[in-house]
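Q: Could you walk me through this structure, one feature after another, and show me how each is read?

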Amino acid sequence: MTKLSERLLQEIEDGALDDRTSIGNLLRKVIALGGQAGSAELRDWASRELRGYGPDDELPPYRKIDAPLQMDAVMFGGVSRHQMLSPMQLPDFAQDHITNEVSLVQGIAEIESLARSR
């Protein structure tokens, strides 16, 4: 392992243990480390994590989360907000298209921004 690779690896490890370090900065260092190590697979993975996943990219399982399906409705006699429902309660034609699974295809900076806004 070269001195540059060792330094990058140490910086990645230090940054991973420091909650003030942005994940984006760590991923850029992982891309550089992948280049130093000659690992196209590592470089490509870190690039997709940094920039986001395209429609032809295989999304890793950790980027698929289950989230409750909720609806707001105006009905005769009132308003219902944040009503939880199962996809099985939807009409048949919608059940194949609407699920509880949310695919996080965005780049890490956008995901971090979403997390901070909540």
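Q: In which hand does α1 pass α2?
A: In this predicted model, α1 passes α2 in a left-handed crossing. The axes of helix α1 (residues 3–16) and helix α2 (residues 23–37) come within 9 Å of each other and cross at roughly 155 degrees. Angles over 145 degrees count as roughly antiparallel, and so α1 is roughly antiparallel to α2.

Q: Which residues in α1 and α2 meet?
A: On the α1 side they include Leu4, Leu8, Glu11 and Ile12, and on the α2 side Leu26, Lys29, Val30 and Leu33 are among them. Sorted by class, the contact of α1 with α2 holds nine nonpolar, three polar and two charged residues.

Q: Which residue forms a salt bridge with Lys29, and what does the pair tie together?
A: A salt bridge needs a side-chain nitrogen of Lys or Arg within 4 Å of a carboxyl oxygen of Asp or Glu. Lys29 forms one with Glu11, the closest N and O atoms being 3.2 Å apart. Because Lys29 lies in helix α2 and Glu11 in helix α1, the pair ties together parts that are 18 residues apart in sequence.

Q: How far apart are Glu11 and Arg7 in helix α1?
A: They are four residues apart in helix α1, and therefore separated by about one helical turn; their side chains meet in a salt bridge, at 2.9 Å from N to O. Another salt bridge pairs Arg20 with Asp18, with the closest N and O atoms 3.0 Å apart. Salt bridges that share partners join Arg7, Glu11 and Lys29 into one network.

Key. Residues numbered from 1 in each chain as written. Predicted model: local features only at pLDDT ≥ 70, side-chain atom pairs only at ≥ 80, totals over all residues. Heavy atoms only, no water. Axes fitted to C-alpha atoms, helices over the stretch in contact; angles between N-to-C directions. Helix = DSSP H or I, 4+ residues; strand = E, 2+ residues; numbered from the N terminus. Parallel < 35°, antiparallel > 145°, perpendicular 65-115°, else oblique. Left-handed = near helix turned anticlockwise from the far one by under 90°. Contact = heavy atoms within 4.5 Å. Nonpolar A, V, L, I, M, F, W, Y, C, P; charged D, E, K, R; others polar.
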